[in-house]
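Visitor: Please show me the model, and I will ask what stands behind the labels.
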Amino acid sequence: FTRTALSPQYGSFIDDLRLYVRGGSGGMGYPRLGGEGGRGGDVWLVARERTTLRSIKERHPRKRFVAGNGANSSVRALKGEKGKDCEVHVPPGISVLCEDGKQIGELNTAGERCLVARGGLGGCLATNFLPCKGQKQIVHLDLKLIADVGLVGFPNAGKSSLLSKISHAKPQIADYAFTTIKPELGKIMYADYKQISVADLPGLIEGAHANRGMGHKFLKHIERTKQLLLVVDVSGFQLSVKTRFRTAFETILLLTKELELYKEELLRKPALLAINKMDLPGSKDNLSELMKQLQNPQDFLHLLSDEVIPESTVKFKDIIPVSACTGEGIEELKTCIRKSLDEEAEKENEDHQKKKLLLLQTSG
């Protein structure tokens, strides 16, 4: 597997983009009458739904955004008008970074704005009536998908099939590794009209933390999900004939290790475990063996080499056996996802109320 083999299809999804932005120059002052030139326009990034980084690139191939210049001061208008602002529509879920990697801001919900290039001052007494140039810089837009639940699993665990079963998404599904080469978003709809968004992230492989396969390219999208849903094949996993066969238990530990090596705090997120492909022969025996191992993981760690054993194990809120093929356990999984998110929201609300109460007490 090489990255280049996927590039033609993968090219349709962009999650980072580099832009040149420049604020407008100020207008000339009018020294004889003390007139002030108009200030240059500013460049703003504005989060808007149904916008993609790809659409920005297609509409603006040069990726240059320049605001209007301020008007000169004149006998008719001593105070020149401000230059026109330039607004760039970007998708929600964007981190805005300078060239040196320092973060300028974040845009998480539609309507949020971020100033990336300020216009120059118009000519006035302080500038000897000469205008100033606008700020210019290169900014990086780094997209991290925002979803309630992030599906995590090795290739062929059945994540795409599961997503299509629990939600209204129509991901590409086939019986070979790396079917998903771009994140897929689906929505679970509940009877009371509650909607929960689920992101299926392309299959990790052993060594993803060291940039094998797609490496960190997609691991970053897990960062903004509220919860994790690990999906494993009950029969185990083997990427190719050249790689080792891994049991379901080993797969869970390896997934945990990859997440830990990428960013340890990911393991602090609430997590559920879906044990998929329960329709396959021998799945009941494999499941009871796996449950035994998960109850006392320490007793089975000797089966693995030290470098693949994570420092800490994931505590699953629920373990649900499912079959994306027959639909077994799907309703239970949807219920568990809802229950888990509701519990976390309630906990957050309680923590928020406690903090407010503490603030009132201390200020009192």
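Visitor: Why is Y193 called exposed?

Guide: Exposed means over 50% relative accessible area, buried under 20%, and partly exposed in between, with a 1.4 Å probe and protein chains only. Y193 has 75% relative accessibility, so Y193 counts as exposed. This is a predicted model, in which local features need pLDDT of at least 70 and side-chain atom pairs count only at pLDDT 80 or more, while totals for chains, interfaces and linings use all residues. Residues are numbered from 1 along each chain as its sequence is written, and side-chain values use heavy atoms, with hydrogens and water left out.

Visitor: Where is Y193 found, and what is its phi?

Guide: Y193 is in the loop between β10 (184–189) and β11 (195–200). Strands are DSSP runs of E with at least two residues, helices are runs of H or I with at least four, and both are numbered from the N terminus. The phi of Y193 is near 75°, a positive value in a residue other than glycine.

Visitor: Is F129 buried or exposed?

Guide: F129 has 11% relative accessibility, so F129 counts as buried. Its phi is also positive, near 65°, and F129 sits in the loop between β7 and β8.

Visitor: What makes K133 exposed?

Guide: The relative accessibility of K133 is 75%, and therefore K133 counts as exposed. K133 belongs to the loop between β7 (113–117) and β8 (136–143). Its C-alpha atom is 9.1 Å from that of N69, 64 residues apart along the chain.

Visitor: Why is D318 called partly exposed?

Guide: D318 has a relative accessible area of 22%, so the label is partly exposed. D318 is in strand β14 (residues 316–321).

Visitor: How do you know that the span of helix α5 agrees with what it should be?

Guide: The expected span of a helix is 1.5 Å times one less than its number of residues. For the 15 residues of α5 (residues 248–262) this gives 21 Å, and the end C-alpha atoms are 21 Å apart, so the two agree.

Visitor: Why is α5 described as largely enclosed by the rest of the structure?

Guide: Of its 15 residues, 14 are buried, so the description holds for α5.

Visitor: What makes E348 exposed, and where does E348 lie?

Guide: E348 has a relative accessible area of 59%, so E348 is exposed. E348 lies in helix α7 (residues 330–363).
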